[in-house]
Amino acid sequence: MKLGTFLWRVGLVAIVAAGVGQYWLVQRTHEAAARLVARLIPQGELRYERLWPFPWGGGRAWGLSFQPEGMLQVALQTPTGMRVEAREMRLRELRYSDDGTIERVRGSLLDVRVPVTERRSPIPEQPEVGRMPAPTLFDLGYTQLRFDLEFDIQYVASSRLALVHFNAAGADIGHAALSAQLEGTPQVFDRAPDQIMVRKLELEFADSGLLRRFKDVSAARARLGRTAWEDAMLAYLDRRARKEGWKWDAETARSLQAVVRQSDYVRMKVDPPGDVALRNIRLYPVADWPTLLGFGMTHEGRISTPPPVGQRS
């Protein structure tokens, strides 16, 4: 047999084997995706149009959408029927533990679209800064929020901790990075997310329009100029802090004032000294946030993590 003929046949066999292997991998991926969709049913409905796994791990999916339902919808307070969509997902890592649960998932969502409910907050006849209902996203001129998102979620079974990191950027919204350490068994994360315990939270936000719109709309509703609204808001916060006896440290208090004036960057952290259930965070009095939740704030810094894939130049 000639060498060329031999090599041609070997190449043909390799191509056929690769095709069969990829077909098997695609089928296995669809089966795994079907199991994931079934497991998510208590939290909502996940859909996708196409999947393409890579033999070396990870893969891509197109036409994704998710509609929160059940306890997740209650926790997020999303309207019934709201569906979040994404053009594409790129998975760089998907690792399972020995018992079949997801141990780590890491990747990106491109062109995420979150619809904004057409709802306006009421404007009182005698508007008072600080006591007026906050303008809704629809009031701010948004019909949907569009951004790219990087995510890295890892579950450490030995400590029952989920290590979560999200990094999102939208051209007319801003750039946000959220890191969290959440505690709970796999059953709690799957079926009772309201029972998840918070061990640490940190949120960074660099504004690209959201906070500026909020201040402009709020000032217009209060029939004030931008600077006058800022002055009135700071005076309101000062009165409330004295009346309620806020136990905030000096840096956090200064940062709150700076954010009202500048609105460019803010970092907030929650590092509870004791047990705090995720569902109960909003029930704690503002005055006691530092002592009970380990709350702190700063207005100096920048988001060190890179922007999501779709926002890179």
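Helix α4 is followed by Arg 223, whose phi is positive, near 60 degrees. Helices (H or I, at least four residues) and strands (E, at least two) are DSSP runs, numbered from the N terminus. This is a predicted model, in which local features need pLDDT of at least 70 and side-chain atom pairs count only at pLDDT 80 or more, while totals for chains, interfaces and linings use all residues. Residues are numbered from 1 along each chain as its sequence is written, and side-chain values use heavy atoms, with hydrogens and water left out.

**Overall architecture**

- The protein chain contains 7 helices and 11 strands.
- Of the 313 residues in the protein chain, 38% are buried, where buried means under 20% relative accessible area, exposed means over 50%, and partly exposed lies in between (1.4 Å probe, protein chains only).
- Among contacts (heavy atoms within 4.5 Å) with a separation of 6 or more, 60% come from residues 24 or more positions apart.
- The chain exposes about 18500 Å², of which carbon and sulfur atoms supply 57%; accessible areas come from the Shrake-Rupley method with a 1.4 Å probe, and for residues only the protein chains shown count as cover.

**Helix α4 and its surroundings**

- Helix α4 (residues 210-221) has 12 residues and spans 17 Å from its first C-alpha to its last, close to the 16 Å expected at 1.5 Å a residue; the expected span is 1.5 Å times one less than the number of residues.
- The buried residues of α4 are Lys 215, Val 217, Ser 218, Ala 219 and Arg 221.
- Their cover includes α5 (226-244) and α6 (250-262).
- Arg 223 belongs to the loop between α4 and α5 and is exposed, with a relative accessible area of 59%.
- Arg 223 is not a glycine, yet its phi is positive.

- The whole structure holds 28 salt bridges, each defined as a side-chain nitrogen of Lys or Arg within 4 Å of a carboxyl oxygen of Asp or Glu.
- Asp 172 and Arg 213 form one of them, with the closest N and O atoms 4.0 Å apart.
- This pair links distant parts of the chain, since Asp 172 is in the loop between β7 and β8 (174-183) and Arg 213 is in helix α4, 41 residues apart.
- Asp 172 is partly exposed at 36% relative accessibility, and Arg 213 is partly exposed at 28%.
- Lys 215 and Glu 230 form a salt bridge whose closest N and O atoms are 2.9 Å apart.
- That pair joins helix α4, which holds Lys 215, to helix α5, which holds Glu 230, across 15 residues of sequence.
- Both Lys 215 and Glu 230 are buried, and the relative accessible area of Glu 230 is 8%.
- Asp 231 pairs with Arg 261 in a salt bridge with its closest N and O atoms 2.5 Å apart.
- A network of salt bridges links Lys 215, Asp 216, Arg 226, Glu 230, Asp 231 and Arg 261.

- Leaving aside residues up to four places away in sequence, Glu 230 touches Lys 215, Val 260 and Arg 261.
- Gln 257 is in helix α6 and is partly exposed at 45% relative accessibility.
- Gln 257 and Glu 230 are 27 residues apart in sequence, and their C-alpha atoms are 9.2 Å apart in space.

**Strand pairing and a nonpolar patch**

- Strand β3 (residues 59-68) pairs with β4 in the antiparallel sense over 7 bridges; two strands pair if DSSP finds at least two bridges between them.
- Gly 59 has Leu 91 in β4 as its bridge partner.
- Strand β4 is also joined to strand β5 (residues 102-115) by 10 bridges, and the two run antiparallel.
- Leu 94 stands opposite Val 105 in β5.
- Leu 94, Tyr 96 and Ile 102 make a nonpolar surface patch of about 240 Å²; patches are made of residues with over 30% relative accessible area and no salt bridge, with like charges joined within 9 Å and nonpolar side chains (Val, Leu, Ile, Met, Phe, Trp, Tyr) within 5 Å.
- Tyr 96 lies in strand β4 (residues 84-96) and is partly exposed at 41% relative accessibility.
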